[in-house]
Amino acid sequence: MRAKQQEVVAAYLFLLPFLVTLGLFFLYATVRAVYFSFTNYDLFNAPRWIGLQNYVNLFREENFLFALRNSLLFSAIVTTVQTFGALVMAAVLNQKIRGLNFFRAAFYMPSVTSSVVITLIFLWMYQRQGLFNYLATQVVNYAPQLGAFALVLVGLQALQVGLERARGLPARWNDPALFVISLLVAVAAAWLLTFLGVLVPRGGVVDFVWLQTRQEVPGVFPTFLRAPVPLIAIMIQNIFTTIPTFMLMFLAALQDVPKSHYEAASLDGATPVQQFFHITIPAVQPVTFLVVTLSLIGTLQMFDQVAIFGNAVPTRSVITLAYFVYQRMFPGAQLPEVGFASAAAMFLAALTLLIVLIQRRFIRSEAS
Amino acid sequence: MKRSTGLLLALSLTACSAALAQTTVRVQGYGGQDPAIMQRLLNEVIGDDLQAEGITVQYEPIETDYNAVMTNNLSAGTAGDVFYLPGEVAPGFIATGRVQPLNDLVDTEPFIDALLEVYTQDGQVYGIPKDFNTLAIFYNEDLFDEAEVDYPNADDTFESFAEKLRAVRELDPGIYGACLSADFARLGAFAYANGWQPFNEDGSVSLQDEAFVDAFEFYTGLVTEGTAVQPSDVGAGWPGDCLANEQAAVAIEGAWILGFLRDNAPNLAYGAAPMPRSDETGERGNFVYSVAWAINADSPNQEAAVRVLEALTSEEAQQFILEQGLAIPSREALGELDYFNEDDPEAQANRIIFEGASDGNVLGFQFGNIGTDYMTPINNAITAVMTGQADAASALQSAQSELDAILARAGAR
């Protein structure tokens with residue numbers, strides 16, 4: 001009995017450092033924030049109890065409503081795209097292909113890079129004379145050549161496959177040997193047409209404003225469903241940096257799926273796409289739950305990328321709930337609105353909890 | 001024998017503590033290049049005298065968001081004894097009650113009145129301006145020579161200035177007349193020249209006022225017509241970059257550009273001219289940007305802090321700052337310096353910036369208790385027009401409603 005007690009004491013002793021930090025920086029801080037959210041505290045004067053006033057004021061604040069819409073849109077779109085993207089990428093990297101380790105390392109790179117560095121690089125690419133607009137300009141200018149290339153490629157491939165089949169030979173539409181021939185001929189044809197002056201590159205510059213704009217798309221949607229263009233820019237960047245992390249989780253899960261399932265399915269004539277939807281997705285469901293949960297929490301609380309974009313973009317186009325809290329905590333030249341910021345923070349916490357609970361009803365956390 | 005050793009030990013201890021009776025005064029300010037300047041100021045100019053009085057100064061730069069960190073420091077009681085008080089946030093900091101009023105502690109007489117006003121509230125002075133800056137036109141002489149037009153000069157009006165820029169623009173598709181940022185901190189000077197005020201008497205703001213709209217259309221029009229360019233559109237970080245890279249012939253900046261040009265474009269032949277006059281009023285407009293030294297009301301070392309503040313704003317210290325090409329001294333007497341008459345582009349530019357503080361409609365870079373939040377809606381409007389996404393009227397209308405909301409919120413508290 002004494003030995004048992006000693007064991008318990010020892011366990012708590014080992015837990016103690018963690019419990020102290022947790023208690024101090026999480027429990028205590030949370031309780032304080034809950035209390036402040038009912039007061040008009042400003043860091044300098046003693047807090048005064050004002051009941052639910054802060055929470056009521058939240059919904060009278062235009063920027064808060066923008067922040068709420070932006071956060072929900074951001075979370076919904078980014079979570080969906082990156083979960084699916086991560087799963088597909090993991091499925092691809094789970095194949096036996098040459099240079100697998102290189103690809104795994106290369107695809108993981110964006111996740112290990114500091115988000116400040118990535119944001120600065122993206123800021124530069126999103127400029128009006130940046131990389132994105134440059135590439136778009138090239139595509140627009142060489143549209144005739146690209147069109148001709150695509151037409152010749154598809155036409156020639158169809159012709160070759162048709163001929164092979166007419167001769168009674170089994171040829172798939174994406175037969176690699178025929179494809180190489182089509183590709184080479186298409187490149188040559190596009191080059192020749194340009195050389196002969198039949199196809200002329202079009203002039204013109206794509207001048208799309210990614211950042212310094214209040215444009216919201218798509219224009220036909222009601223206001224609360226439109227996404228501001230700068231927010232989409234941040235979505236693209238966020239998806240790019242977080243897919244690899246989630247891919248790693250899916251990859252771990254995929255290693256556990258028995259190969260025999262795929263073999264059995266392919267013997268029954270299932271295509272790779274059918275295998276993906278009927279074997280891979282159900283098999284990794286517990287991990288999908290984890291990924292979706294982590295992604296929802298992460299995206300609802302997204303802050304750093306908005307903060308770094310900062311003054312380069314109109315505030316209301318990118319403001320998120322977490323950034324709203326920060327802005328109220330450290331306003332320009334006024335006293336900090338700690339009470340108001342705490343109320344917004346509490347709202348964000350409750351919203352996150354609610355959304356995670358809702359998604360639990362849709363994705364089961366255990367494989368059936 | 002034993003007793004004498006004890007005595008000796010006691011004696012030597014007293015001697016030691018006398019030598020060590022140094023009060024350490026913590027000074028907090030910006031990071032960036034400021035720590036190096038402060039270190040040199042302490043080592044070469046004022047450090048020895050303070051040391052002799054038993055005061056050690058320790059500079060603690062704040063590298064991130066200075067205002068946010070300082071707000072925290074003040075409320076937590078960890079702020080330095082002496083710290084920077086930026087003009088644009090001074091009302092907010094003073095409202096915390098943690099900034100020491102200086103009327104009875106420091107002689108404010110030698111400092112320029114317009115500057116002291118920025119840090120004065122209810123008759124009490126809360127900060128001694130350490131230096132200041134105004135705006136001037138910095139131009140590339142070679143480009144104007146090549147275009148065969150006169151350099152910008154003191155007689156220019158908005159229109160004649162714009163004509164000169166257009167002539168330079170003709171030279172080469174890759175060279176713009178001016179590099180203009182979408183920033184009220186520049187455009188505002190043109191609006192002030194037209195006689196516009198940032199706040200009406202009742203505290204409201206009118207962006208639909210003809211004087212403002214006129215300046216707004218002039219400034220943004222230079223970009224939309226292609227005479228000027230935004231720095232970000234030519235891959236530059238700020239107008240100083242454009243000027244140094246010869247992408248634009250003109251940049252509207254303060255003395256902070258001098259050190260930058262010295263390092264980044266040592267062979268650039270440049271000159272400085274005062275801001276152009278309004279075609280309507282014939283006046284110039286300008287901002288005065290300044291940062292003051294303030295004392296922490298909770299500091300346990302009040303006396304030493306006052307001594308340090310005096311040393312930091314002394315004539316010797318200000319002369320040093322001036323000669324580093326950083327900013328203009330805040331002492332009236334230093335305006336008489338021979339330095340300003342030297343035949344050297346830097347000295348000439350410094351003179352024009354010094355004179356800018358008293359020529360025409362000059363206002364402090366300060367926007368009451370909403371601070372720099374004042375500029376956000378206006379900057380967004382400038383950007384929207386410069387990038388061709390909105391016309392001036394509609395952009396100003398939405399800026400007006402946003403600004404009204406910001407003012408209403410600040411007033412409600």
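UniProt, in an unreviewed entry, places the feature "transmembrane region" at residues 12-35, 72-93, 105-126, 146-166, 178-200, 231-254 and 338-358 of chain A. UniProt positions follow the numbering used here, feature names are shortened, and annotations may be inferred rather than shown by experiment. This is a predicted model: local features need pLDDT of at least 70, side-chain atom pairs count only at pLDDT 80 or more, and totals for chains, interfaces and linings use all residues. Residues are numbered from 1 along each chain as its sequence is written, chains are lettered from A and ligands numbered from 1 in the order in which they are written, and side-chain values use heavy atoms, leaving out hydrogens and water.

Residues 105-126 of chain A are 86% helix and 0% strand. Their end C-alpha atoms are 26 Å apart. Residues 146-166 of chain A are 100% helix and 0% strand. There the end C-alpha atoms are 30 Å apart. Helices (H or I, at least four residues) and strands (E, at least two) are DSSP runs, numbered from the N terminus.

## A helix crossing in chain A

Helix 3 (residues 62-93) and helix 9 (residues 229-255) of chain A have axes that come within 7 Å. The axes cross at roughly 40°. That makes helix 3 of chain A oblique to helix 9 of chain A. Axes are lines fitted to C-alpha atoms, for helices over the stretch in contact, with angles from 0 to 180 degrees between N-to-C directions. Angles under 35 degrees count as roughly parallel, over 145 as roughly antiparallel, 65 to 115 as roughly perpendicular and the rest as oblique.

The residues of this contact divide into 21 nonpolar, 6 polar and no charged. Ala, Val, Leu, Ile, Met, Phe, Trp, Tyr, Cys and Pro count as nonpolar, Asp, Glu, Lys and Arg as charged, and the others, Gly among them, as polar.

## Covered and partly exposed sites

Helix 15 (residues 321-329) of chain A is mostly covered, with 7 of its 9 residues buried. Among them are Tyr323(A), Phe324(A) and Arg328(A). Buried means under 20% relative accessible area, exposed over 50%, partly exposed in between (1.4 Å probe, protein chains only).

Pro286(A) lies in helix 12 (residues 285-300) of chain A. Pro286(A) counts as partly exposed, at 28% relative accessibility. Pro286(A) and Arg364(A) are 78 residues apart in sequence, and 6.9 Å apart in space, C-alpha to C-alpha.

## The disulfide

The whole structure has 1 disulfide over all chains, a pair of cysteine sulfur atoms within 2.5 Å. The disulfide joins Cys179(B) to Cys242(B), S to S 2.1 Å. Cys179(B) lies in strand 8 (residues 176-179) of chain B and Cys242(B) in helix 10 (residues 239-244) of chain B, so the pair ties together parts 63 residues apart in sequence. Cys179(B) and Cys242(B) are both buried.
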